[in-house]
Amino acid sequence: MPTPRNPFRPSFGTSPYYLAGRSDLLQHFQLSLLEGPGSPYRTILISGLRGVGKTVLLNEVEDIAHKQGWIILRAYPNQEMIADLVNTTVPQAIATIEQPPQRRLSGGSIPGLGSIKTETHDRAEELRPTPTLITRLRDLSTSIADVGILITLDELQSADLDQLHQLATAVQDLMRDERDIAFVCAGLPRGVDELLQHEGTTFLRRAHRVDLHAVSPEDVRETLDITAKESGVPFTPPALDLATDICRGYPYLIQLVGSLSWAQAALEEAPHIDAAQVEAINQPAIDRMTQQVHRPALSRVPDGELSFLRAMAELMAASGEKSVSTGEIAAALGMKSPNGISTRRSRLITRDLIAPAGFGKVAFTLPYLEEYLLREG
Ligand SMILES: Nc1ncnc2c1ncn2[C@@H]1O[C@H](COP(=O)(O)OP(=O)(O)O)[C@@H](O)[C@H]1O
Ligand SMILES: [Mg+2]
């Protein structure tokens with residue numbers, strides 16, 4: 001019997017077979033497209049840590065819009081963001097909608113008629129205004145009549161402020177004219193917060209903000225259960241409990257733990273996934289998490305901040321608590337100046353590696369980072 005395909009998708013930006021815990025937002029978005037201009041869900045700003053499911057959610061949003069016939073434009077957060085939209089993305093979208101022969105005939109030729117020219121003004125070319133994002137989007141909006149335009153932007157934290165401002169201005173301009181347009185973007189929490197502090201991002205500050213966090217244990221369980229069951233290789237109840245615990249609510253781990261457990265069962269040619277198989281992949285799953293998430297997240301962290309993180313991990317391991325006070329970390333590092341420690345603390349918060357946890361305490365944001373720091377020491 002041929003082995004069925006592994007139904008889990010442990011790679012970034014790849015939509016899972018079953019999406020946990022996002023149905024409310026997607027329903028709001030779907031309704032907003034038919035609600036008409038003015039719906040607050042037509043401008044959404046998604047934020048969350050790496051691996052929490054931002055890109056996948058953007059994909060879902062695009063799918064919903066596409067199914068309703070909307071045109072999808074993807075913006076990329078680089079120096080050419082606007083130029084790419086104006087010169088390539090929007091013209092391409094217009095070209096795929098319109099029937100080229102029925103438009104401008106200038107210089108074209110129709111079989112049997114020879115060459116024709118409809119331009120009358122000699123200086124027409126030179127007088128034509130340079131297209132801007134606003135004029136381009138208006139052209140597109142006019143040519144699609146009954147449907148709308150969705151613009152998406154991932155990795156928002158890397159966007160250039162000036163380019164972002166231009167994009168926001170264009171979207172607002174069309175909204176003001178009651179055109180059907182929606183804008184959904186996603187980025188890392190602190191990077192996005194920093195961006196929003198600058199002038200010219202008022203529009204984004206008013207967007208409907210979605211902060212993606214860990215998924216509830218019930219949702220994790222259901223996702224693992226349904227995904228495995230529908231592939232024909234279900235989890236046994238104890239295996240499902242164990243796998244749910246290992247995931248700690250983190251979406252990337254749902255796919256990773258699911259995929260490795262499923263593969264282990266397939267290797268043993270088992271008809272279901274049992275607890276021993278999940279146990280066998282526990283450490284490999286965490287190692288993969290380290291390669292894919294922890295190492296990249298720590299790659300540019302300077303030594304002073306790394307020692308803060310290590311001290312934090314050691315203190316937490318010693319106390320068994322999930323948070324620790326900055327004062328204790330300072331003492332462990334032998335740092336007397338409150339300024340030094342608070343600078344490191346705030347830089348690490350900005351990097352989304354730690355988060356305030358009340359009463360002067362901090363906690364790690366990523367699952368298994370504490371264990372990784374203890375191991376790598
Ligand atoms: N809601 C979810 N339910 C189940 N798996 C998810 C969910 N969201 C994301 N995933 C999985 O998590 C991984 C990371 O998702 P991704 O969207 O790339 O994260 P981000 O863009 O936030 O870094 C992917 O393997 C994806 O399939
Ligand atoms: Mg992403």
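Q: Domain bounds come from an automatic or database domain assignment; how far apart are the centres of domain 1 and domain 2?
A: This is a predicted model, where local features need pLDDT of at least 70 and side-chain atom pairs 80 or more, while totals for chains, interfaces and linings use all residues. Residues count from 1 along each chain as written, chains are lettered from A and ligands numbered from 1 in written order, and side-chain values use heavy atoms, without hydrogens or water. The protein chain is divided into domain 1 (23–108 + 126–211), domain 2 (217–297) and domain 3 (300–376). Taken over C-alpha atoms, the centres of domain 1 and domain 2 are separated by 36 Å.

Q: Between which domains does ligand 1 lie?
A: Let's look at the shell around the ligand. Both domains give residues to the shell around ligand 1, so the ligand lies between domain 1 and domain 2.

Q: Which residues come nearest to ligand 1?
A: A residue is near if one of its heavy atoms lies within 4 Å. Of the 22 residues around ligand 1, the nearest are Arg-9, Gly-13, Thr-14, Gly-51 and Lys-54.

Q: How much of the accessible area of ligand 1 does the protein cover?
A: Backbone N or O atoms approach oxygen atoms of ligand 1 at 2.6 Å from Arg-9 and 3.1 Å from Ser-11. For Gly-13, a polar backbone atom is 2.5 Å from a ligand 1 oxygen. Of the 560 Å² that ligand 1 has on its own (Shrake-Rupley method, 1.4 Å probe), the protein covers 98%.

Terms used
A polar contact is a pair of N or O atoms within 3.5 Å; within protein, one must be able to donate a hydrogen and the other to accept it, and residues adjacent in sequence count only if both atoms are side-chain atoms. Domain bounds come from an automatic or database domain assignment.
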